[in-house]
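Good morning, colleagues. Please turn to the sequence and the model on the screen, and I shall go through selected features in order.

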Amino acid sequence: KLTEFKLSRLWSVIIIYIGIAVFIIALTITIIPRMSNEVKEFAETLPKYANEAIEFSNDIYMKYLNSVNSLPREFIGVDVAFREYLNNTQVYIVDFFKNITEKGLNIFSNIVGIVLVPMYTFYFLKDTGFFRRKVLLSVPKTVRNEVRSIFKDINKLLNNFIRGQLLVAALVGLISIIALLI
């Protein structure tokens with residue numbers, strides 16, 4: 001739509017990117033400090049909870065060691081079950097840290113995607129006419145007008161769909177921000 005104001009396609013794309021950047025910066029300025037405070041509080045209380053969990057598990061294990069030696073042979077299954085439980089707990093902990101590592105790598109991959117997609121989008125938006133001509137030239141002349149008409153209909157439908165989705169996303173974001181600020 002900016003091209004209707006006699007702006008070149010390049011400047012239209014740049015203005016849109018600047019608008020998106022300003023919006024992201026504004027969100028970052030308002031939300032990041034609150035999130036960092038929450039993370040800081042969590043990081044301060046996490047060691048306390050971890051120490052309590054370690055002390056609790058050590059107490060249980062010491063009670064277990066003291067009571068297992070005095071158990072009759074008939075209850076040897078309790079010892080086997082407890083050792084199996086400990087092994088399962090160890091496997092759970094190892095899987096937990098493995099999942100954390102995988103999530104970290106996925107986050108890195110997503111960051112790379114977040115950086116590359118706007119660059120590709122910029123060049124596709126800037127050179128839309130070039131790509132449009134190449135696609136139409138690949139279609140035989142006999143059906144070119146029909147294909148052009150179909151593409152116009154698809155473009156109209158996709159534009160309406162994307163506008164609707166953006167409106168829904170904006171409303172959900174606004175409601176979420178209001179709920180978080182309360």
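Ser-176 has a relative accessible area of 35% and is therefore partly exposed; buried means under 20% relative accessible area, exposed over 50%, and partly exposed in between, with a 1.4 Å probe and protein chains only. This serine is found in helix α4, residues 144-181. Helices here are DSSP runs of H or I of at least four residues, and strands are runs of E of at least two, numbered from the N terminus. The side chain of Ser-176 reaches the backbone oxygen of Val-172 at 2.8 Å. A polar contact is a pair of N or O atoms within 3.5 Å; within protein, one must be able to donate a hydrogen and the other to accept it, and residues adjacent in sequence count only if both atoms are side-chain atoms.

The model is predicted, so local features need pLDDT of at least 70 and side-chain atom pairs count only at pLDDT 80 or more, while totals for chains, interfaces and linings use all residues. Residues are numbered from 1 along each chain as its sequence is written, and side-chain values use heavy atoms, with hydrogens and water left out.

Next, the chain as a whole. Its secondary structure comes to four helices and zero strands, in the pattern α-α-α-α along the sequence. The radius of gyration is 30 Å, well over the 16 Å that the globule rule gives for 182 residues, so the chain is more spread out than a compact globule. That radius is taken over C-alpha atoms, and the rule is 2.2 Å times the number of residues to the power 0.38. The C-alpha trace spans about 90 × 45 × 25 Å along its principal axes. Of the 182 residues in the chain, 7% are buried.

Thr-128 lies in helix α3, residues 128-137. A polar atom of its side chain is 3.0 Å from the backbone oxygen of Phe-124.

Rings of Phe, Tyr and Trp (its six-membered ring) pair if their centres lie within 6.5 Å; planes under 30 degrees apart count as stacked, over 60 as edge-to-face and the rest as tilted. By this rule there are two aromatic pairs. Phe-124 and Phe-131 form a tilted pair, 5.0 Å centre to centre with 55° between the planes. Phe-130 and Phe-131 have ring centres 5.4 Å apart and planes at 70°, so this pair is edge-to-face. Together, Phe-124, Phe-130 and Phe-131 form one aromatic cluster. Phe-124 is partly exposed at 49% relative accessibility, as is Phe-130 at 42% and Phe-131 at 33%.

Which residues lie nearest the centre of the second largest pocket? They are Ser-57, Tyr-85, Leu-86, Thr-89 and Ile-93, out of 16 lining residues. Helices α1 (9-68) and α2 (76-126) each supply at least two residues of this lining, and α2 gives the most, with nine.

Thank you for your attention.

Note on methods. On a 1 Å grid over the protein atoms alone, a cavity is a set of points where a 1.4 Å probe fits but cannot get out, and a pocket is an open set with protein on both sides within 12 Å along at least five of seven lines; lining residues have an atom within 4 Å of a point.
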